[in-house]
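Colleague: Please take a close look at one part of this model, the ligand site. Walk me through what surrounds it and what lies behind it.

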Amino acid sequence: MNEKVIIFDTTLRDGEQSPGASMNTGEKMRLARQLEKLGVDVLEAGFPAASEGDFEAVAQVAGVVKNIEVAALARTHKNDIDRAWAAICHAKNPRIHTFIATSDIHMKYKLKMNREEVVKTAFEAVKYAKSFTDSVEFSAEDGSRSDRDFLCRVFEAAIEAGATTLNLPDTVGYAIPQEFGDLVKYVMAHTSNIHKAVLSVHCHNDLGLATANTLAAIYAGARQAEVTINGIGERAGNTSLEEVVMALHTRPNFLPVYTNINTEHIYPTSRIVSMITGIMVQPNKAIVGANAFAHEAGIHQDGMLKNPMTYEIMKPETIGLSKSKLVLGKHSGRHALRSHLKELGYDISDEELKLVFKKFKELADKKKHILDEDLEVIVTEGILRTAEVFNLEYLHVSSGTTVKPTANVKLKINERSAEGSGSGNGPIDAAYNVIAKLTGSKSELLRFSVSAISGGTDAQGEVTVRLKENGLIALGRGADPDIITASAKAYINGLNRLEYLKANPIETSEVI
Ligand code: KIV
Ligand code: ZN
């Protein structure tokens with residue numbers, strides 16, 4: 001029988017290290033539930049020693065996830081391991097994931113430790129973690145640039161101390177597939193006790209090779225892949241879950257292994273991640289990009305009509321991409337709304353349905369046909385965004401060819417209301433000036449982009465902003481049929497994310 005590849009999802013930890021991709025606790029819990037539904041085997045919920053906010057989020061995620069393992073990251077410090085355990089001790093299946101760098105460059109410059117000290121530290125950390133839980137993962141950070149024999153020595157020590165998973169990261173995305181596959185083979189052949197543990201890989205995408213390296217490692221015998229949804233993560237990101245899973249699914253003859261992933265939840269999960277983080281998926285992204293199943297060339301369209309298999313190696317339905325996009329209208333009822341949301345991957349409570357239904361009706365008054373994309377926006381803005389400091393109560397603007405653009409804005413700031421007016425170079429500038437004044441924000445607007453969510457002149461405009469304040473970067477996203485309102489919503493969303501980052505600073509000094 002084919003062997004299983006364990007899918008270890010780190011969207012909530014490494015994924016959240018994407019510039020600007022902070023998620024609040026409510027958003028993390030929502031995503032955790034979705035990842036469980038998707039069928040990941042292990043969910044890395046965060047790095048509890050990094051901040052109080054991280055600790056709290058990991059603890060809450062550990063409480064909502066029922067049937068899969070919940071991992072918490074920890075350096076090899078005793079305090080980190082204590083914090084990791086305190087955050088996940090109530091999980092049904094807890095895993096402590098501890099790591100230390102093993103490459104000469106990291107040991108010399110970052111850790112200022114010699115090889116003997118690193119082996120001893122790894123051994124002791126795993127042993128300590130093992131005193132709390134049976135499931136302990138050890139990662140050799142910068143493993144792909146480490147001396148091979150030393151790497152095997154550290155792994156041997158970690159297994160001796162009780163590690164059940166050994167993770168080999170390509171931390172800086174430096175490896176080339178054939179080389180990485182060879183390294184996996186080497187580790188399997190030269191780590192004497194490797195049969196007592198699962199060998200895992202964790203690749204970054206700096207050279208665009210994360211998926212290729214992960215597949216080469218699986219081909220060579222690795223049986224856990226560490227991945228994120230949409231490939232989000234530090235710098236150029238991590239290996240994307242959907243690419244690895246669909247490659248294994250589509251090419252079973254070449255890679256005779258299987259995963260536990262329910263592929264039909266891939267697309268809804270991808271959408272939820274981009275809605276929550278504000279990180280849009282590039283249109284040509286494999287599997288989940290807007291163009292991944294779009295056939296433009298006439299010759300291709302002709303072939304597709306004759307037999308879809310001529311140009312399509314996967315069916316869109318397999319990843320949960322529904323064919324019909326037109327969904328609901330003004331007269332649609334609550335029941336239809338709930339069942340359509342379910343199809344999109346949103347399982348919402350009765351209380352949430354009330355709120356979403358109200359917003360749906362409001363939008364249906366302005367827009368004739370409500371599409372999937374519109375519903376996603378309603379859900380994100382209505383229920384995925386929780387614990388916000390600033391909320392838009394109203395916005396009035398006046399602009400045109402012969403008047404000075406002015407804006408009048410009322411915000412709810414925590415429990416109090418604040419109102420003001422001002423002018424600007426255009427209506428958006430005017431609205432932003434007033435919002436900045438009311439919130440006291442000193443943030444700098446690094447990027448502003450606008451697009452239409454769907455076709456037609458009544459389409460909702462979608463605005464994404466990137467804000468910077470005191471070295472913190474946050475993305476904001478907003479949508480509305482009125483582009484000025486969408487812009488204001490995006491700005492306010494970015495400001496809320498900055499507030500969250502300010503309240504949850506990353507306290508660790510070590511870069512991971
Ligand atoms: O990239 C990396 O090395 C990591 C480790 C902490 C596993 O994220
Ligand atoms: Zn990483």
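Modeller: A residue is near a molecule if one of its heavy atoms lies within 4 Å of it. By that rule, the residues around ligand 1 are R13, D14, H97, F99, S139, E141, N167, P169, T171, H202 and H204.

First, the ground rules. This is a predicted model, where local features need pLDDT of at least 70, side-chain atom pairs count only at pLDDT 80 or more, and totals for chains, interfaces and linings use all residues. Residues are numbered from 1 along each chain as its sequence is written, chains are lettered from A and ligands numbered from 1 in the order in which they are written, and side-chain values use heavy atoms, with hydrogens and water left out.

A ligand 1 oxygen sits 2.6 Å from a side-chain N or O atom of T171. For R13 the distance from a ligand 1 oxygen to such an atom is 3.0 Å. For D14 it is 3.1 Å.

D14 is in the loop between β2 (6-9) and α1 (25-38), while H204 is in the loop between β8 (198-203) and α8 (210-220), 190 residues away. Helices (H or I, at least four residues) and strands (E, at least two) are DSSP runs, numbered from the N terminus.

Both of these residues are buried: D14 has 3% relative accessibility, and H204 has 4%. Buried means under 20% relative accessible area, exposed over 50%, partly exposed in between (1.4 Å probe, protein chains only).

Next, F138. Contact means heavy atoms within 4.5 Å. Leaving out neighbours within four places in sequence, F138 contacts T98, F99, I100, A122, V126, V154, F155, A158, A163, T165, L166 and N167. F99 and N167 are also among the residues around ligand 1.

Methods
Polar contact = N/O pair within 3.5 Å; in protein donor to acceptor, adjacent residues only side chain to side chain.
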